[in-house]
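Me: Take me through one part of this model in close detail. I would like the packing geometry, with every term spelled out.

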Amino acid sequence: MPCAKRSWAVVLSALGLTGCSGLGLAPSPQPVEPAPTDDMALLASRSGCLACHALAAGKPGPNALPPIGPSWPEVALRYREEAVGERRQELIDRLTRAVQDGTNPYASRWNGQISGLAMPPNAVAISPKDTRRLIDWILRSPHP
Ligand code: HEC
């Protein structure tokens, strides 16, 4: 990029400013994102998932109740058999739909293990594509 257009050069020289350096014409610095320690954890956090889900198993929920939603390792453990082989894509599709559209409080899959009644729809917070990436990652959470 040339350092100044001709018309600028005229204005600048009229102001007694010449040359390229120190004129504040450099593009302003880009805002710097904090270095993510883990892209997927950051995506989960930004999408609001971590208000209800923990990245590690065994954490209590608010007011010493069970956690609001199942932790990711519990999800990975529960679906470990479906998560391998041909059924994996189907499982990812189903869980992506659950996250996007929300779950039915009368058909909880986690009854008795959590304090939340149902998951609200998250489609306003995260795209289907990012949800799929997140689910894929969730299913890889280390579990017993
Ligand atoms: C307001 C609380 C809340 C938020 C926010 C939330 N969830 Fe949930 N989630 C739940 C609850 C409660 C359940 C258990 C649903 C049930 O009982 O079947 C659940 C279940 C799940 C399950 C398991 C579904 C199943 O069929 O077993 C996955 C995977 C999941 N959530 C992922 C996510 C992701 C990814 C996000 C963020 C984009 C998210 N959740 C945001 C509360 C939440």
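Reply: A crossing is called left-handed if the near helix is turned anticlockwise from the far one by less than a right angle, and right-handed if clockwise. Helices are DSSP runs of H or I, at least four residues long, numbered from the N terminus. The model is predicted: local features need pLDDT of at least 70, side-chain atom pairs count only at pLDDT 80 or more, and totals for chains, interfaces and linings use all residues. Residue numbers start from 1 along each chain as its sequence is written.

Take H2 against H5. Two packed helices are described by the angle between their axes and the distance between the axes. The axes of H2 (residues 39-46) and H5 come within 10 Å and cross at roughly 125°. Axes here are lines fitted to C-alpha atoms over the stretch in contact, with angles from 0 to 180 degrees between N-to-C directions. That angle makes H2 oblique to H5: under 35 degrees is roughly parallel, over 145 roughly antiparallel, 65 to 115 roughly perpendicular, and the rest oblique. The crossing of H2 past H5 is left-handed.

Now the residues. From H2, Met40, Leu43 and Ala44 meet Asp130, Leu134 and Trp137 of H5. Contact means C-beta atoms, placed from the backbone, within 7 Å. By class, this contact has five nonpolar residues, no polar ones and one charged. Nonpolar covers Ala, Val, Leu, Ile, Met, Phe, Trp, Tyr, Cys and Pro; charged covers Asp, Glu, Lys and Arg; the others, Gly among them, are polar.

Technical notes
Helices (H or I, at least four residues) and strands (E, at least two) are DSSP runs, numbered from the N terminus. Two residues are in contact if their C-beta atoms, placed from the backbone, lie within 7 Å.
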